[in-house]
Amino acid sequence: MNNLEWSTFAKNIAEYVGEEQDSITKETDLYTDLLIDSLGLFSMGIYLNDIYHLEVPLSSVAVISKVGQLFDLLNEEGVLVNA
């Protein structure tokens, strides 16, 4: 467990997509609510990696659709990489 804080994570997602932090919930859909496609999700992953210095298997990312799933994935399966 990486002990990420939801409020900070939601703020980072909101900044990345240009939305208000209050509009980002764990149930926010990456594809239909935030209009992110697979390439956008990959780019978001790079953005989050730069912030948190965590990596997860791409196969795990491919099956998520909600912001909360992404948060849980990084928090539970993220592996720290050199900063």
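Is Asn3 buried or exposed, and what is its relative accessible area? The structure is a predicted model in which local features need pLDDT of at least 70 and side-chain atom pairs count only at pLDDT 80 or more, while totals for chains, interfaces and linings use all residues. Residues are numbered from 1 along each chain as its sequence is written, and side-chain values use heavy atoms, with hydrogens and water left out.

Asn3 is exposed, because its relative accessible area is 64% (buried is under 20%, exposed over 50%, partly exposed in between, with a 1.4 Å probe and protein chains only). Asn3 lies in the segment before helix H1 (6-17); helices (H or I, at least four residues) and strands (E, at least two) are DSSP runs numbered from the N terminus. Most residues other than glycine have a negative phi. The phi of Asn3, however, is positive, near 55 degrees.

A positive phi near 55 degrees is also found at His53, again a residue other than glycine. His53 sits in the loop between H2 and strand S1 (54-55) and is partly exposed, as its relative accessibility is 26%.

On the surface, Leu39, Phe42, Ile46 and Leu58 form a nonpolar patch with about 430 Å² of accessible area together. Patches comprise residues with over 30% relative accessible area and no salt bridge, like charges being joined within 9 Å and nonpolar side chains (Val, Leu, Ile, Met, Phe, Trp, Tyr) within 5 Å. A salt bridge is a side-chain nitrogen of Lys or Arg within 4 Å of a carboxyl oxygen of Asp or Glu. Accessible areas come from the Shrake-Rupley method with a 1.4 Å probe; for residues, only the protein chains shown count as cover. Helix H2 (residues 38-52) supplies the largest share of the patch, three residues. Leu39 belongs to helix H2 and is exposed, because its relative accessibility is 58%.
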